[in-house]
Amino acid sequence: MRLRELVNSKELLKEWMIEKLIWICGISAIFFVFGIFFFVFREGADYLLRGFKVTEFFTSIEWYPTSRTQVRYGALALITGTFSVTLLAMFIAVPFGLGAAVFISEFCPPRLRESLKVIIELLAAIPSVVWGFIGLTIMNSLILNLFSAPIGLNVLNGGIILALMSVPIIVSIGEDALKAVPDSYREASLALGCTRWQMIFRVLVPAARNGLLAAVLLGVGRAVGETMAVLMATGHSIRIPGGVLEPVRTLTATIAAELGEAPVHSDHYQVLFIIGILLFSITFVVNLTADLVVRGIRRK
Amino acid sequence: MFTSTKNTQRKKRQELIAKYLLMTMTLLIILPLILIIFYLIYQASPILSVDFLLKNPIRGMRDGGIWAPLLGTIYLVLISLLIATPIGVFAAVYLNEYARESWLTRVINLAVVNLAGVPSIVHALFGLGAFVLFAGIGRSILAASLTLAIMTLPVIIASTKEALAAVPVAFRQACWNVGATRWQTIREVVLPNSISGILTGVILQVSRAAGETAPIMFTGAVFYKAIQEGDLLAYGLLDQCMALSMHLFTISTQVPDVPVALPYGTAVVLLGVVLLVNALAIVLRFKIRSRKKW
């Protein structure tokens with residue numbers, strides 16, 4: 001009898017330990033997100049609290065981190081760089097991505113749909129460094145030939161590459177959103193004599209509005225955070241671009257390009273971590289919004 | 001009899017235009033990429049051979065093969081896999097089997113979504129700050145793998161959750177009714193029945209980890225490091241290593257006068273590894289779907 005109790009209590013102890021372990025793993029994601037913020041903040045905190053000039057950072061385009069006479073950390077040109085490339089990418093990716101989502105979910109015969117979805121999934125898997133390489137070689141020579149642009153990399157190149165990278169996300173999440181609209185909506189509008197196109201435009205798109213918006217937001221998140229592709233495909237000129245055929249440098253590319261050369265714990269190194277905090281905050285807000293928007297539909 | 005009026009004809013026309021317009025858009029996304037991939041393979045074809053895979057880069061990375069970066073990538077992927085899989089699977093088990101709908105689960109799900117959305121370069125900063133400097137591991141395969149593991153955790157959590165949710169509740173109830181505890185049920189019934197779905201997630205994690213560059217750039221990957229050719233154990237856990245993705249970046253942007261085929265060859269090998277691994281996950285998923293017993 002006593003032996004049995006002992007065995008039972010041992011079993012119970014084991015179960016209790018495993019459940020605690022599972023619980024710890026379960027909440028680990030929260031720790032990791034906080035950890036990321038904490039450690040990135042920690043590396044940049046010293047300078048952020050000591051000598052960081054917020055106004056200069058956001059309003060000056062003078063980024064001279066290694067200047068001997070006067071070091072300046074104005075990130076406006078980098079911020080504009082990120083936004084110009086993202087904007088151009090979304091200008092291309094949103095219509096094409098949503099159009100493809102509508103086609104795949106509403107017009108496509110089922111067999112073709114499966115294969116298209118597989119292809120889109122494979123496109124999403126292409127590593128960003130390969131995208132960057134494509135931009136550097138194939139896309140660059142195409143753009144130089146087609147637009148007789150000045151030699152070198154430019155916003156257009158980075159924008160197209162980023163668009164191609166964010167399209168798979170927009171398509172797959174957009175398609176999910178359209179699929180989540182109940183079939184009764186489709187049947188009702190078709191029964192009223194709508195064409196498929198009218199049904200899509202007047203019924204499905206308004207009904208799936210939130211999901212489609214979330215798809216676009218996640219595409220934006222991906223484009224803002226993308227590093228290697230823009231590092232390799234947008235050129236390295238730190239200034240506000242006057243047109244799509246001029247080179248820029250983005251926030252992400254700046255970190256990747258300069259962190260290797262900045263001495264650990266120098267001001268320059270800490271400013272790069274402050275840019276990291278900025279990027280983290282931007283994507284955090286974008287993802288949070290996307291999530292809230294998606295929850296909005298589910299509750300309905 | 002029903003005759004088509006002008007209005008219905010117009011509507012029909014409109015519909016056809018819409019359909020073909022959308023189809024063209026879809027094809028415009030897909031076709032150029034397929035062409036690009038073929039072009040990459042075409043440019044790489046003169047150099048692709050078994051020797052290319054098994055020889056170290058030589059002459060300042062302007063010649064030779066990709067053995068050292070290939071082995072480095074395999075190390076990084078396997079070690080990050082070993083770290084991320086148990087945490088990710090257990091996290092999914094918690095979310096699907098234990099947690100009730102509450103603010104905590106909401107926060108966890110939000111954290112997972114955000115973890116997936118954090119830019120890769122911020123993961124790199126985190127890895128540098130937390131593992132390399134704070135934990136004192138230094139720039140090494142271990143630090144880089146830890147960074148990759150945290151970055152790819154959401155992939156495993158998401159697909160494991162999906163796999164667990166596909167196991168019918170009746171299976172669990174049957175198990176509880178014969179007196180099994182929660183964990184016994186999970187171990188003996190839930191996990192075995194969802195193993196192929198979990199495997200899909202693991203495979204996707206591999207493909208993601210193999211392709212990443214930014215997170216390993218400052219945490220453990222180096223431009224160049226010669227290792228013994230053919231020796232599978234050439235790297236140690238605390239060594240720095242080369243990696244395929246980093247190597248492609250280096251030879252296409254940092255090293256002048258590299259023969260054209262060399263970066264193309266590296267790109268094709270990297271792309272091939274990632275796409276093959278992904279295709280494996282997709283095949284596996286179709287298999288599960290067609291073989292479902294319930």
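Residues are numbered from 1 along each chain as its sequence is written, while chains are lettered from A and ligands numbered from 1 in the order in which they are written. Because the model is predicted, local features need pLDDT of at least 70 and side-chain atom pairs count only at pLDDT 80 or more, whereas totals for chains, interfaces and linings use all residues; side-chain values use heavy atoms, with hydrogens and water left out.

**Exercise 1. The interface**

Describe the extent and the composition of the interface of chain B and chain A.

Solution. 

Step 1. Take contact as heavy atoms within 4.5 Å. On this basis 80 residues of chain B touch 82 residues of chain A.

Step 2. The size of an interface is often given as the accessible area lost when the parts come together. Here the buried area (accessible area, 1.4 Å probe, that two parts lose on being put together, summed over both) is about 7100 Å². Carbon and sulfur atoms give 79% of that area.

Step 3. Turn to specific interactions. The rule for a salt bridge (a side-chain nitrogen of Lys or Arg within 4 Å of a carboxyl oxygen of Asp or Glu) finds two across this interface. One of them joins A:Asp291 to B:Arg106, with the closest N and O atoms 3.9 Å apart.

Step 4. Assign the residues of chain B to elements and classes. Helices are DSSP runs (H or I, at least four residues), numbered from the N terminus. Helix α1 (residues 6–44) of chain B gives the most to the side that touches chain A, with 17 residues. By class, that side of chain B has 55 nonpolar residues (Ala, Val, Leu, Ile, Met, Phe, Trp, Tyr, Cys and Pro), eight charged residues (Asp, Glu, Lys and Arg) and 17 polar residues (the others, Gly among them).

**Exercise 2. The surroundings of one threonine**

Is A:Thr86 buried or exposed, and which residues does it contact?

Solution. 

Step 1. A:Thr86 is located in helix α3 (residues 76–107) of chain A.

Step 2. Its relative accessible area is 5%, so A:Thr86 is buried. The classes are buried (under 20% relative accessible area), exposed (over 50%) and partly exposed (in between), with a 1.4 Å probe and protein chains only.

Step 3. The side chain of A:Thr86 reaches the backbone oxygen of A:Thr82 at 2.6 Å. Leaving aside neighbours within four places in sequence, A:Thr86 contacts A:Val220, A:Ala223 and A:Val224.

**Exercise 3. Aromatic pairs**

Classify the pair of A:Phe133 and B:Tyr264 by its geometry, then that of B:Tyr39 and B:Tyr42.

Solution. 

Step 1. Rings of Phe, Tyr and Trp (its six-membered ring) pair if their centres lie within 6.5 Å; planes under 30 degrees apart count as stacked, over 60 as edge-to-face and the rest as tilted. The structure holds 15 such pairs over all chains.

Step 2. The rings of A:Phe133 and B:Tyr264 have centres 5.0 Å apart and planes at 75 degrees, and the pair is therefore edge-to-face. This pair crosses between chains, from helix α5 (residues 128–147) of chain A to helix α11 (residues 261–291) of chain B. A:Phe133 is buried at 1% relative accessibility, and B:Tyr264 is buried at 6%.

Step 3. B:Tyr39 and B:Tyr42 form a tilted pair, 6.5 Å centre to centre with 40 degrees between the planes. About one helical turn separates them, because they lie three residues apart in helix α1 of chain B. B:Tyr39 is partly exposed at 35%, whereas B:Tyr42 is exposed at 58%.

**Exercise 4. Salt bridges**

Solution. 

Step 1. A:Arg50 pairs with A:Asp267, the closest N and O atoms being 3.2 Å apart. The partners are 217 residues apart, A:Arg50 in helix α1 (residues 2–50) and A:Asp267 in helix α12 (residues 267–299) of chain A.

Step 2. A:Asp183 and A:Arg186 form a salt bridge at 2.9 Å between the closest N and O atoms. A:Asp183 is partly exposed at 48%, while A:Arg186 is buried at 12%.

Step 3. Shared partners join A:Asp46, A:Arg50 and A:Asp267 into one network.

Technical notes
Helix = DSSP H or I, 4+ residues; strand = E, 2+ residues; numbered from the N terminus. Polar contact = N/O pair within 3.5 Å; in protein donor to acceptor, adjacent residues only side chain to side chain.
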